Amino acid sequence: MRSESSLLKKWIMLAFICLFVAIAFSACSSEEKLLDMTYPYDESTIYWPTAKPFKLEKVSWGIAEGGWWYASNEFSASEHGGTHVDAPIHFAEKGRTIEQIPLKEWIGPAVKLDVTKQCEKNRDYLLSVGDIDNWEKKYGKIPDGAWVIMYTGIDTKYYPDKKRVLGTDKTGEEAIPELSFPGFSPESVKFLIKERNITGIAIDTPSIDYGKSKEFNAHQVLCGADKLALENIANLDKLPPSGATLYVIPIPIKQGTGAPARVFAIIP
Ligand SMILES: [Zn+2]
């Protein structure tokens, strides 16, 4: 009896060890499937040259009178800088503001269009309908509710080097003629809106319109169709061309035309 019960104990122990190893392994592999696609905010965060940059002020940072540690900051910035979203109101008078867009609308399949080679040759490259066709020939039709992401390599390689990302490190109006980076052509945005059922478009540059744009046509078309934009998305080199789900979680600023967002992908 005694030896039987000790055998039983050994079996139970072994079962527990196996269970522990299985849990530890699954936790580890699920960690690997989570990709953070957000640049942290600090004084180097890239904003439009005419916009107010990110500012952090330490209000308290030390031992309080009562003897305990107490730390608290204040921060301020433009809505449109770093990894951030645009609400339709940004370029459409009757468009929705950030807090009017339901949380579930911010989540969708990630479609990555790799145009890094084209952008290497031409910093002012415009994504074409042909680039979308090429992706669909390989991976199938763009799924409903997708975030269509233009992978230019600009932020992914150079962020937060302003000169190499924006084409200039000047600030204010004098920087505007020097802006140079790729973007979506208005035709490609029209195609995605009319021929496909997307949630929004994203890019690893500071704007979905290219740097040389004067009228921001990609913004006008997209916002006019009540769709969403995501700019300065990080870590695109680690995202697969299809199959991942993108989570774009902006701060729900009331009347917000845009907002900083924590962006991540779950990769199957
Ligand atoms: Zn924006």
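Colleague: How many bridges join strand β5 (residues 107-114) to β7?

Modeller: Some conventions come before the strands. This is a predicted model, where local features need pLDDT of at least 70 and side-chain atom pairs count only at pLDDT 80 or more, while totals for chains, interfaces and linings use all residues. Residues are numbered from 1 along each chain as its sequence is written. Helices (H or I, at least four residues) and strands (E, at least two) are DSSP runs counted from the N terminus, and two strands pair if DSSP finds at least two bridges between them. Here β5 and β7 run parallel, with five bridges joining them. Within that pairing, K112 sits opposite I149 of β7.

Colleague: How many of the six residues of β7 are buried?

Modeller: Buried means 20 or more other C-beta atoms within 10 Å of a residue's own, exposed means 12 or fewer, and partly exposed is in between, with C-beta atoms placed from the backbone. In β7, six of six residues are buried. In a regular strand, side chains alternate between the two faces of the sheet. For β7, A146, V148 and M150 lie on one side, W147, I149 and Y151 lie on the other, and both faces are covered.

Colleague: Which residues touch the most other members of the largest nonpolar core?

Modeller: A nonpolar core is a set of buried Ala, Val, Leu, Ile, Met, Phe, Trp, Tyr and Cys residues joined through C-beta atoms within 7 Å. The largest one here has 58 residues, and those touching the most other members are L113, W147, V148, I149, I201, L230 and I233. Strand β7 (residues 146-151) supplies the largest share of this core, six residues.

Colleague: What does W147 touch beyond four places in sequence?

Modeller: Two residues are in contact if their C-beta atoms, placed from the backbone, lie within 7 Å. Leaving out residues up to four places away, W147 touches G108, A110, V111, T199, G200, A202, L230 and L246. Across the chain, 74% of the contacts with a separation of 6 or more are between residues 24 or more positions apart.

Colleague: Turning to the helices, which residues of α6 are buried?

Modeller: S188, V189 and L192 are buried in α6. Viewed down the axis of α6, the buried residues fall within an arc of 100 degrees (taken from the directions from the helix axis to the C-beta atoms), so they line one face of the helix. K194 and E195, on the other side of α6, are exposed. The cover over the buried residues of α6 includes β6 (126-127), α3 (129-139), β7, β8, β9 and α7.

Colleague: What do the buried residues of α7 pack against?

Modeller: They pack against β8 (183-184), α6 (186-195), β9 (198-203) and β10 (228-231). The residues in question, in helix α7 (residues 217-224), are A218, H219, V221, L222 and C223.

Colleague: Where is the cis peptide bond?

Modeller: The cis bond joins Y159 and P160, with omega at about 5 degrees. P160 sits in the loop between α4 (154-158) and α5 (162-166).

Colleague: Over which residues does pLDDT stay under 50?

Modeller: pLDDT is the predictor's confidence in each residue, from 0 to 100. Residues 16-28 stay under 50, and the model gives that stretch zero contacts beyond four places in sequence. For the chain, the mean pLDDT is 92, and 88% of the residues reach 70 or more.
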